[in-house]
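Hi,

Here is the structure I promised to pass on to you. Have a look at it first, and then read on for what turned up in it.

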Amino acid sequence: MTQYLKTSKSLSERQQASKEISITVENILADIEQRGDQAVRELSFKFDHYDRKDYRLSQNEINACLKQLTRQNIKDIEFAQQQVFNFATQQRACLLDLEVETRPGVILGHKNIPINAVGCYVPGGKYPLLASAHMSIITANVAGCSRIISCAPPFNGQPAPAIVAAQAMAGATEIYALGGIQAIGAMALGTQTLQPVDMLVGPGNAFVAEAKRQLFGRVGIDLFAGPTETLVIADETVDAEMCATDLLGQAEHGVTTPAILLTNSLKLARETLREVERLLTQLPTADIARQSWRDYGEVIVCDSYEEMLQEADRIASEHVQVMTDRDDWFLANMTNYGALFLGPRTNVAYGDKVIGTNHTLPTQKAARYTGGLWVGKFMKTCTWQKVVSDEASTEIGSYCSRLCQLEGFSGHAEQANIRVRRYGNQEVPYAGSVPAQDLGKAS
């Protein structure tokens with residue numbers, strides 16, 4: 001039987017906070033749509049204490065940011081970006097155009113077409129998360145997007161040097177020192193100085209996520225995202241220090257970050273609870289991690305591996321760290337997760353920063369129906385069709401005519417009829433249907 005040694009805040013408490021955020025975002029987006037650049041400028045000054053007439057960085061400003069980084073900084077960014085590029089390139093190779101003759105004279109196909117203009121948001125705030133630049137901009141470049149703009153908030157009153165460097169090195173065509181709702185709104189709605197994009201991607205805080213949600217439909221988005229989540233699935237093949245480290249390593253993201261231990265060992269569960277408290281006395285980011293663990297941390301003990309699997313699929317976490325004696329069994333059988341990290345030699349931080357898979361992943365149980373950001377998200381798979389013979393047009397047209405009349409669409413039927421007349425030399429009354437051999441009524 002499942003035991004909950006530690007539980008998180010109630011759903012009602014979370015929903016109340018969400019409602020307040022929704023109202024705030026709705027009002028700000030309406031202001032940006034109405035007043036454009038002026039609203040963006042006021043919001044940037046209000047939230048980031050940053051004011052300038054044009055938030056797009058010049059090449060000189062980009063170069064100045066690059067010069068602030070050491071040679072090792074640049075090499076490290078290059079290494080991470082190369083890993084993302086390598087994996088994205090292999091993913092792109094999986095996306096093949098299609099052309100097939102399904103019946104004599106009937107050719108169907110699809111093309112994978114890159115989205116023209118995408119906006120990539122790179123979070124800043126307490127931490128300059130330059131890794132998000134790799135994940136979105138490089139992946140969009142591999143997909144073939146022609147216009148890739150990137151926004152990131154200023155850091156300590158100036159463009160964040162490491163983020164700007166990562167944006168430029170990843171190949172962004174326009175870089176803006178702009179954050180929060182104002183960045184999302186400007187990219188999606190457009191202003192007097194910023195042409196709108198077709199799609200928004202990238203993680204962010206609750207306000208950024210809500211802005212993307214409200215703008216979905218006017219633009220595409222990668223996915224609906226909430227606070228970072230992590231789930232550690234462990235048995236006694238690993239120790240409490242490893243489990244506690246992986247939980248707190250993600251809890252430092254923010255004070256609303258869910259971090260869950262799922263185990264079949266009551267001993268490991270209790271030891272991990274103690275180890276978390278010990279590490280919180282040493283961790284430099286303990287102020288955030290402690291609050292996150294207090295309000296959103298959970299420890300769940302199951303009786304069996306099968307029960308752990310069932311519980312993991314129910315949770316549908318963004319990140320799932322698996323450290324058991326059967327990691328590949330979880331890989332083969334789990335169905336709901338954003339990304340899996342298998343075995344004690346890997347961890348979520350590798351995926352977040354450098355290993356090459358994308359770190360923009362589904363949260364809040366969205367893993368039940370979608371995966372994370374990848375090359376395919378930046379592409380549209382669009383179908384096409386061509387009929388190349390009189391016989392094929394007549395055959396398809398005859399079926400189409402009768403099916404349209406079955407639905408009561410006379411105009412649709414006539415689109416078929418005119419071709420049956422011209423290419424099949426058959427007499428068909430206007431807005432009628434092509435006659436067929438009577439096969440009798442269905443029983």
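**Where the two domains meet**

In this predicted model, 16 residues of domain 1 are in contact with 14 residues of domain 2. To place these on your screen: domain 1 covers 15-98 + 115-222, while domain 2 covers 227-372. Their centres, taken over C-alpha atoms, are 28 Å apart.

The size of an interface is often given as the accessible area lost when the parts come together. Here domain 1 and domain 2 bury about 1100 Å² between them, and 64% of that is on carbon and sulfur atoms. On the side of domain 1 that touches domain 2, helices α4 (71-94) and α5 (131-143) each supply at least two residues. The residues on that side of domain 1 comprise nine nonpolar, five polar and two charged ones.

**Salt bridges**

Side chains of opposite charge can pair when their charged atoms come close. For the model, the count comes to 16 salt bridges. One to look up is the pair Arg35 and Asp31, whose closest N and O atoms are 2.7 Å apart. Why does this pair sit about one helical turn apart? Because Arg35 and Asp31 are four residues apart in helix α1 (residues 11-35), about one helical turn separates them.

**The sheet**

Strands of a sheet pair through backbone hydrogen bonds, either parallel or antiparallel. In this model there is an open sheet of five strands, in the order β6-β5-β4-β7-β8, and the pairing is parallel. The edges are formed by β6 (174-177) and β8 (220-221), each of which pairs on one side only.

Which residue of β8 is the bridge partner of Leu200? That partner is Ile221.

Best wishes

Methods: Residues numbered from 1 in each chain as written. Predicted model: local features only at pLDDT ≥ 70, side-chain atom pairs only at ≥ 80, totals over all residues. Heavy atoms only, no water. Domains from an automatic or database assignment. Contact = heavy atoms within 4.5 Å. Buried area = accessible area lost by both parts, 1.4 Å probe. Nonpolar A, V, L, I, M, F, W, Y, C, P; charged D, E, K, R; others polar. Pairing = 2+ DSSP bridges. Salt bridge = Lys/Arg side-chain N within 4 Å of Asp/Glu carboxyl O.
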